[in-house]
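Dear colleague,

Please find below the structure that I am handing over to you.

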Amino acid sequence: MEMPDKVGSMKQNVARAVASICFLIICTAFSIDSQQSRPSAPAPTFRVQSSLVLVDVISQDLKGGLPVRGYTKEDFRVFDTRHEVRIATFDAGADTRPMALWLVVICNEGGIAGASAEFVGKESLFRSALDHLEKHDRVGVAHWCDNGETQLDLLPTEDRDSPIRVLAESLKPIPFQGGTEASDEVGEVTFRKMIRLIIRDAYRRNPKPLPVIVFLHGDHTGQPRHELNQLVDDFLETSGIVFGIRDDQSAVLHFLIGEQAKIMHYMAKHTGGQYFSAPPSGYAAALEAVLMQLHLRYELGFVPPAIDGKRHELRVELTKKAKEQHKPVRLRYRPEYIPVPQEPEWAH
């Protein structure tokens, strides 16, 4: 993939600084993912409201953890329910859609371990990473609370300083403290409401950006599986991607009785994103790794065989020739989509 000089120069400057810690973070993230129980719920889906399905593909060199550049349209194959479909459009790097990057936290309810409280007072550590956004990328801030409060604290902006300031405000302690069964249920509903507020914001913009959520949270969380799957379905209607960053000292939750645990890891896995674990000194590098993956992603478009409202298995792979040129490479993307003819009711 050929990139503009300014992007290539920026990536080279970042790559050396990020590579070693990025590799460590990725290894830790894979370790965390392997510890969580595998859900029995069906895989989330991606719905489209037009004749063209856009699939964002992130490539990753498994040796160094960095994105692989240089692929062309002819290097990819796309399969809809095991039947190959023609790739109608292809974009890479700077030519892909601008992002609406959301930094998302839960309220600081008395400094609950494993949530977002670990980031209090350390918000400025993320500031340098925002300088690696492209000119037309925007950053927003959102939060939710177990008391039922949620808000888009800062709508996506091209300003790089205000998100850090607003993030610090969103993480100030509040008097409410949850931890009860009732507050947990309220928090689950509020979490879903917040995600749908972000979805609506993306739908109302023209052109529609790629919404990217970065949870700053230890992911000590759960949701009823059927509700979580519906939520991910809704989010994927905008072809969004979920990432997360947890402090490496935060508690790890392995399972919850009757619920899907570590829901943010779950959403990242099923949207083609990733969850990172890092110490404070690595916060910026973790966010830079997220941005690098997104800026060097590939966007493939194809016309679905039928607009039938049913689940379609989605698979993207490299051609044999492309595989021989870069070994080993991992591709991340969403696993399914649902072609539907109209926009969902909640988008209005």
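The notes below take up the sheet, the helices on it, the salt bridges, one arginine and the disulfide.

This is a predicted model, in which local features need pLDDT of at least 70 and side-chain atom pairs count only at pLDDT 80 or more, while totals for chains, interfaces and linings use all residues. Residues are numbered from 1 along each chain as its sequence is written, and side-chain values use heavy atoms, with hydrogens and water left out.

**Sheet and helices**

Helices (H or I, at least four residues) and strands (E, at least two) are DSSP runs, numbered from the N terminus. Two strands are taken to pair if DSSP finds at least two bridges between them. An open sheet of 6 strands has the order E8-E7-E6-E9-E11-E13, with mixed pairing. At its edges stand strand E8 (150-157) and strand E13 (274-278), each of which pairs on one side only. From one strand to the next, the twist averages 20°; axes are lines fitted to C-alpha atoms, for helices over the stretch in contact, and angles run from 0 to 180 degrees between N-to-C directions.

Strand E7 (residues 138-144) runs antiparallel to E8 and is joined to E8 by 5 bridges. Within this pair, Ala142 stands opposite Leu152 in E8.

Helix H4 (residues 181-203) lies across strand E6 (99-106), E7, E8 and strand E9 (210-216), and runs at about 25° to E8. Helix H7 (residues 283-295) also packs on the sheet, where H7 touches E6, E9, strand E11 (241-247) and E13. The direction of H7 makes about 165° with that of E11. Contact here means heavy atoms within 4.5 Å.

**Salt bridges**

Side chains of opposite charge can pair when their charged atoms come close. Counting a side-chain nitrogen of Lys or Arg within 4 Å of a carboxyl oxygen of Asp or Glu as a salt bridge, the model has 13 salt bridges. Arg127 takes part in a salt bridge with Asp131 (2.8 Å, N to O) and in another with Asp161 (2.7 Å, N to O). Asp161 counts as partly exposed because its relative accessibility is 44%, the class between buried (under 20% relative accessible area) and exposed (over 50%), with a 1.4 Å probe and protein chains only.

Arg315 and Glu317 also form a salt bridge, with the closest N and O atoms 3.4 Å apart. A network of salt bridges links Asp56, Arg97, Arg297 and Glu299.

**Arg332**

Is Arg332 buried or exposed? With a relative accessible area of 5%, Arg332 is buried; its place is in strand E16 (residues 329-332). A polar atom of the Arg332 side chain lies 3.1 Å from the backbone oxygen of Gly273. Leaving aside neighbours within four places in sequence, the residues in contact with Arg332 include Asp56, Phe243, Gly272 and Gln293.

**Disulfide**

A search of the whole structure finds 1 disulfide, defined as a pair of cysteine sulfur atoms within 2.5 Å. The disulfide joins Cys107 to Cys145, with an S to S distance of 1.6 Å. Cys107 is in the loop between E6 and H2, and Cys145 is in the loop between E7 and E8, 38 residues apart. Both Cys107 and Cys145 are buried.

With kind regards

Terms used: A polar contact is a pair of N or O atoms within 3.5 Å; within protein, one must be able to donate a hydrogen and the other to accept it, and residues adjacent in sequence count only if both atoms are side-chain atoms.
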